[in-house]
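The sequence and coordinates come next.

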2 protein chains.
Amino acid sequence: MTTEKALIDSALRGWKSNVERADNVFEALSPGELELEVAPGKNRLIYLWGHLAAVNDGLLPLLGIGERLHPEFDAMFISNPDKSVRLTVSGQSLKAAWQEINLNLWNGFSKFSASDWAQRHAAVSEKDFEREPHRNRFAVLLGRTAHLSYHMGQATLARPKT
Amino acid sequence: MTTEKALIDSALRGWKSNVERADNVFEALSPGELELEVAPGKNRLIYLWGHLAAVNDGLLPLLGIGERLHPEFDAMFISNPDKSVRLTVSGQSLKAAWQEINLNLWNGFSKFSASDWAQRHAAVSEKDFEREPHRNRFAVLLGRTAHLSYHMGQATLARPKT
């Protein structure tokens with residue numbers, strides 16, 4: 001394995017293990033458990049799950065993999081805080097969306113070469129990228145992995161003991 | 001910049017930004033605030049900070065950068081849960097240790113070539129590494145960045161509003 005491939009393999013394994021941790025935590029929750037707050041007055045588990053799904057969905061166009069699958073998630077889970085908007089998704093429909101989004105991402109990730117990963121993401125112009133070559137797809141992958149982990153640290157505070 | 005260097009640069013920027021976020025959160029806390037729990041009955045902020053310092057300290061030998069600076073942190077912050085062992089560090093001494101550990105790590109990181117990052121870490125044997133080449137230093141860097149982010153997601157729940 002070349003050094004480039006080894007570095008990317010490590011990052012993809014990190015992404016996958018964090019997504020799987022989220023699968024294990026969220027998919028086991030009952031509708032009632034999804035209503036639990038991670039701390040008094042803080043986000044509910046269903047909000048965190050929807051937030052992570054919405055952010056992952058946004059990676060599809062940002063990384064040039066495809067169109068968004070669930071742009072309607074943003075109003076519920078990104079641009080408005082928890083409990084301010086009525087949720088039109090159930091745990092079951094969120095689970096289906098979560099899996100579909102992550103499968104599409106994974107299929108896209110698998111097609112990227114090392115050089116593809118080092119290319120700019122869709123939210124940075126060619127001109128800006130010349131000055132700031134660190135604004136690449138790989139940085140997005142790492143940043144979103146850390147973001148996922150950030151919220152899983154919160155989710156684990158609320159979930160019922162097994 | 002070569003592709004290899006671009007990938008490593010992204011990972012180092014991710015590490016640095018997460019450490020700086022932790023600096024900003026923890027270093028601003030008063031002794032009283034460090035006693036706050038992230039959620040009722042969960043870890044205190046001082047425990048999370050010490051835990052992150054201990055884990056970072058463990059990276060020094062794991063990545064072949066140097067000896068541990070604070071092995072005494074493990075009993076307080078890793079091998080025992082919060083509130084089960086009397087802490088012999090203050091917020092001030094923890095801050096000094098945190099900064100010293102992270103400075104040593106950063107100096108070590110800065111000397112690694114791309115090929116150094118793709119080499120095995122100290123907890124994997126040569127033989128195992130042949131079979132499992134993903135157990136490299138770079139994977140440790142990414143995993144510890146996510147771990148840091150995981151606990152910062154928790155810490156942010158407790159810290160006082162600014």
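Leaving aside its neighbours within four places in sequence, which residues is Leu48(B) in contact with? They are Phe26(B), Val38(B), Asn43(B), His151(B), Gln154(B) and Ala155(B), where contact means heavy atoms within 4.5 Å.

The model is predicted: local features need pLDDT of at least 70, side-chain atom pairs count only at pLDDT 80 or more, and totals for chains, interfaces and linings use all residues. Residues are numbered from 1 along each chain as its sequence is written, chains are lettered from A and ligands numbered from 1 in the order in which they are written, and side-chain values use heavy atoms, without hydrogens and water.

Leu48(B) belongs to helix 3 (residues 45–62) of chain B; helices are DSSP runs of H or I with at least four residues, numbered from the N terminus. With a relative accessible area of 1%, Leu48(B) is buried (under 20% relative accessible area, 1.4 Å probe, protein chains only).

In chain A, helix 3 (residues 45–62) is largely enclosed by the rest of the structure, because 16 of its 18 residues are buried. Just after this helix, Gly64(A) has a positive phi of about 75°.

Helix 1 (residues 3–26) of chain A and helix 8 (residues 137–158) of chain B have axes that come within 9 Å and cross at roughly 35°; axes are lines fitted to C-alpha atoms over the stretch in contact, with angles from 0 to 180 degrees between N-to-C directions. The residues making this contact are listed below.

| Helix | Residues in the contact |
|---|---|
| Helix 1 of chain A | Leu7(A), Ser10(A), Ala11(A), Asn18(A), Arg21(A) |
| Helix 8 of chain B | Phe138(B), Ala139(B), Leu142(B), Ala146(B), Tyr150(B) |

Key. Helices (H or I, at least four residues) and strands (E, at least two) are DSSP runs, numbered from the N terminus. Buried means under 20% relative accessible area, exposed over 50%, partly exposed in between (1.4 Å probe, protein chains only).
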